Structures are given as C-alpha cells and as structure tokens.
Amino acid sequence: MISTRLLSAALFWNMAAAILAIRGLTAILTSTSLPATISLGLLATILGLLKARFILDRTAHKAAMRIQTRADGCAFGFFSLKSWGMILAMMASGRLLRLLHIPFEVIGTIYCTIAVALLISSRIFWQNYREKL
C-alpha cells in the first residue's frame with residue numbers, strides 16, 4: 001500500500017505539472033513573439049528549478065516520509081489534509097489570476113514555473129517508489 005500511495009503522489013504531481021505546462025505554454029505561445037516565448041520559457045525554467053530546490057523538494061520529502069510512516073490510509077492519504085487544503089488554495093489562486101485580467105504571458109510564465117518545479121520535485125516520490133519495489 002505504501003508503494004501505491006508513493007506512486008499516486010508522483011503521478012498526481014506529474015499530472016498537475018502537465019496541466020499547468022499545457023496551459024502555461026498555450027498562454028505564452030498565443031500572446032508573445034518567438035524571442036519572447038524563448039525568454040519567458042527560460043525564465044520559467046530557472047524560477048521553477050529554484051522553486052523546486054528551495055520549496056517543493058522539502059514538501060515532497062515531508063509527504064514521502066508521511067506516506068512511509070503511516071501504515072494505514074485511504075487512497076487519497078498520500079497527502080495530509082493540510083496539503084489538500086493548500087492544493088485547493090493554489091487552484092483557487094490560479095482561477096483568481098485568470099479573473100484579474102493579468103496579461104496571458106505573465107500567467108503562462110507563472111504556470112510554467114510551477115509546472116517545472118512540480119516535475120523536478122516529483123523525482124522524490126519516484127525515487128521513494130522505486131526503493132519500495
């Protein structure tokens with residue numbers, strides 16, 4: 001069951017990263033020129049790497065340890081209630097960004113930054129999952 005929850009967490013982060021990357025790239029590609037797209041993509045990658053290193057890696061380690069130390073748990077028990085609350089808050093924040101009429105390229109860069117960070121930090125769940133197999 002531990003390996004299933006680790007796999008679920010990894011897939012959840014990867015799925016969220018894919019959704020954000022698609023939305024972010026679509027926003028950037030439809031609102032900027034090629035040079036601006038490349039610049040914003042590079043900026044999002046750098047910021048995403050920093051976010052992964054200094055924020056999300058720590059969160060992923062905590063979640064992976066939580067999964068491994070709790071023998072019981074439901075299918076969605078791979079994250080704590082606090083983490084699920086944070087996920088809902090981030091989804092609401094994304095919706096709010098779209099409602100505030102912020103330029104598409106800014107929203108796209110934010111989405112791509114978060115996508116890169118989630119993708120990079122999901123490696124922690126994948127590593128823990130492989131160790132459990």
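The model is predicted. Its secondary structure comes to five helices and zero strands. From the N terminus on, the elements run α-α-α-α-α. The C-alpha atoms fill a box of roughly 50 × 25 × 20 Å, taken along the principal axes. The chain has 133 residues, and 32% of them count as buried. Contacts between residues at least 6 apart in sequence were also examined. Of these contacts, 85% join residues at least 24 apart. One pair shows how sequence and space compare. Leucine 50 and arginine 98 are 48 residues apart in sequence, and their C-alpha atoms are 24 Å apart in space.

The interior comes next. In soluble globular proteins, nonpolar side chains tend to be buried together. The largest nonpolar core of this model holds 23 residues. Leu6, Ala9, Trp13, Ile67, Phe79, Leu118 and Phe125 touch the most other members. Four helices each supply at least two residues of this core: α1 (2-31), α2, α4 and α5 (123-132). Neighbours within four places in sequence aside, alanine 9 is in contact with Ile67, Phe78, Phe79 and Phe125. Of these partners, Ile67, Phe79 and Phe125 are also among the core residues that touch the most other members.

An α-helix has 3.6 residues a turn, so residues three or four places apart point the same way.

Serine 122 lies in the loop between α4 and α5. Its relative accessible area is 2%, under the 20% limit, so serine 122 counts as buried. Beyond its neighbours within four places in sequence, serine 122 is in contact with Ala10, Trp13 and Asn14. Trp13 is also one of the core residues that touch the most other members. Histidine 101 sits in another setting, the loop between α3 (81-99) and α4 (104-121). With a relative accessible area of 72%, over the 50% limit, histidine 101 is therefore exposed. Its backbone has a positive phi of about 60°, although histidine 101 is not a glycine.

Leu42, Leu43, Ile46, Leu47, Leu50, Phe54 and Ile55 make a nonpolar surface patch of about 640 Å². Leucine 47 is found in helix α2. Its relative accessible area is 38%, so leucine 47 counts as partly exposed. Leucine 50 is found in helix α2 (residues 34-69) as well. At 43% relative accessibility, leucine 50 is likewise partly exposed.

Conventions:
Residues are numbered from 1 along each chain as its sequence is written. This is a predicted model: local features need pLDDT of at least 70, side-chain atom pairs count only at pLDDT 80 or more; totals for chains, interfaces and linings use all residues. Side-chain values use heavy atoms; hydrogens and water are left out. Buried means under 20% relative accessible area, exposed over 50%, partly exposed in between (1.4 Å probe, protein chains only). A nonpolar core is a set of buried Ala, Val, Leu, Ile, Met, Phe, Trp, Tyr and Cys residues joined through side-chain atoms within 4.5 Å. Contact means heavy atoms within 4.5 Å. Patches are made of residues with over 30% relative accessible area and no salt bridge: like charges are joined within 9 Å, nonpolar side chains (Val, Leu, Ile, Met, Phe, Trp, Tyr) within 5 Å. Accessible areas come from the Shrake-Rupley method with a 1.4 Å probe; for residues, only the protein chains shown count as cover. A salt bridge is a side-chain nitrogen of Lys or Arg within 4 Å of a carboxyl oxygen of Asp or Glu.
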